[in-house]
Amino acid sequence: MTPYILATLFFSLGIGTTITLASSHWLLAWMGLEMNTLAILPLMAQHHHPRAVEATTKYFLIQAAAAATLLFASITNAWLTGQWDIQQMAHPLPTTMIILALALKIGLAPLHAWLPEVLQGLDLLTGLVLSTWQKLAPFALLLQIQPSGPTLLMALGLLSTLVGGWGGLNQTQLRKILAYSSIAHLGWMALVLQFSPSLALLALLTYIIMTLSTFLVLKHNKAMNINTLATSWSKTPILTALMPLMLLSLGGLPPLTGFMPKWLILQEVAKQDLALTATLAALTALFSLYFYLRLSYAMTLTLSPNNLTSTTPWRTPSPQPTQHLAILTTASICLLPLTPAILTLMTF
């Protein structure tokens with residue numbers, strides 16, 4: 001794919017997300033989501049591999065179904081209430097349909113089954129775009145209509161944290177594990193969305209930083225499954241030492257960056273007299289932490305299974321730029337001490 005076509009597709013992605021973020025009318029928001037979907041499809045199918053074409057087809061069908069449901073629900077809302085404003089969702093029926101359509105778009109459980117299969121068929125950089133940038137526009141719409149469906153959002157959030165942890169337990173493919181990680185993190189965001197939108201945005205930003213660094217390290221090591229991780233120590237020893245910390249940060253283990261949003265979310269949910277919900281969310285986080293520990297163990301304490309007697313490969317300097325990787329890795333591990341300053345900024 002030529003640089004001009006790539007630039008056009010990424011520009012279309014940015015324009016689609018910007019239209020959705022800036023719109024207050026359901027038709028404009030729907031148009032931005034459609035631009036997003038159509039722009040990423042050529043990126044997903046650019047390698048002409050049958051698995052990539054299958055993933056692209058699945059993604060297109062799911063996104064088309066979600067967009068059709070969203071459009072139908074917004075027309076129903078306009079018919080019942082006489083207006084198209086996103087923030088004026090008064091009737092429960094179209095509100096429920098729109099929340100479920102947006103949950104299908106971003107992969108919240110129980111509408112999550114497409115995400116691991118689609119992500120498994122993509123290369124790591126396209127999977128990174130799908131896991132981060134493609135969540136922004138639907139999440140912004142959920143943020144605007146969140147006071148209308150609190151019980152449904154909490155149920156989706158709790159179920160997503162459970163499914164995201166449970167589904168990743170028996171996986172060996174790293175892209176599927178990261179897909180279930182995405183489901184679990186989105187569940188935490190949906191859980192606190194109605195109580196503190198700024199905290200949900202903080203959780204989204206932290207998730208994007210940690211996912212960026214994880215995907216880029218896997219791309220640097222050309223790692224696709226757990227066995228490949230075991231050989232990475234001979235190629236990039238410093239990154240191999242830092243990667244378990246990044247994975248445990250994704251799992252929310254203190255004193256790493258990923259502990260900050262989970263800690264604040266549990267605190268906020270407990271403040272709303274929902275101690276049982278906070279306890280269940282904390283328990284479901286143990287599932288996710290288990291498979292992150294499993295990945296860390298595979299990287300640092302095991303050797304790749306190899307029946308042939310072979311020598312250690314030469315560790316040659318990598319031609320890939322690493323400055324951005326250093327910044328993202330540091331941010332995904334060391335931001336917890338800035339929690340008081342971040343809380344102060346969130347109050348303004």
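Visitor: Which hand does the crossing of H7 and H10 have?

Guide: This is a predicted model. In it, the crossing of H7 and H10 is right-handed.

Visitor: What makes H7 and H10 roughly antiparallel?

Guide: The axes of H7, residues 136-145, and H10 cross at roughly 170 degrees and come within 11 Å. Angles over 145 degrees count as roughly antiparallel. The two helices, H7 and H10, are therefore roughly antiparallel to each other.

Visitor: Why is H10 called oblique to H15?

Guide: H10 packs with H15, residues 323-334, at an angle of about 135 degrees, the axes being 8 Å apart. Roughly antiparallel requires an angle over 145 degrees, and roughly perpendicular covers 65 to 115. The value falls in the remaining class, and H10 is therefore oblique to H15. The crossing of H10 and H15 is left-handed.

Visitor: How does the reach of H3 compare with the span expected at 1.5 Å a residue?

Guide: H3 has 32 residues, and from its first C-alpha to its last it reaches 46 Å. The expected span is 1.5 Å times one less than the number of residues, which for H3 is given as 46 Å, so the reach is close to expectation. Just after H3, glycine 82 takes a positive phi of about 85 degrees.

Visitor: How many cavities of 30 Å³ or more are there?

Guide: The count is 3 cavities of 30 Å³ or more.

Visitor: What makes a residue part of the lining of the largest cavity?

Guide: A lining residue has an atom within 4 Å of a cavity point. Residues lining the largest cavity include Leu33, Tyr59, Lys105 and Trp114. Helices H2 (26-44), H3 (50-81) and H4 (92-106) are the elements that give two or more residues to this lining. H2 gives the most, with 3 residues.

Visitor: What classes of residue make up the lining of the largest cavity?

Guide: The lining of the largest cavity has 6 nonpolar, 4 polar and 2 charged residues.

Visitor: Which helices each supply at least two residues of the lining of the second largest cavity?

Guide: They are H9 (174-192), H10 (197-221) and H13 (259-271). Among the lining residues of the second largest cavity are His185, Trp188, Tyr207 and Lys262. By class, the lining of the second largest cavity has 7 nonpolar, 2 polar and 1 charged residues.

Conventions:
Residues numbered from 1 in each chain as written. Predicted model: local features only at pLDDT ≥ 70, side-chain atom pairs only at ≥ 80, totals over all residues. Heavy atoms only, no water. 1 Å grid on protein atoms, 1.4 Å probe; cavity = no way out; pocket = protein on both sides within 12 Å on 5 of 7 lines; lining within 4 Å. Points joined across faces, edges and corners; volume = space filled by probe spheres on them. Helix = DSSP H or I, 4+ residues; strand = E, 2+ residues; numbered from the N terminus. Nonpolar A, V, L, I, M, F, W, Y, C, P; charged D, E, K, R; others polar. Axes fitted to C-alpha atoms, helices over the stretch in contact; angles between N-to-C directions. Parallel < 35°, antiparallel > 145°, perpendicular 65-115°, else oblique. Left-handed = near helix turned anticlockwise from the far one by under 90°.
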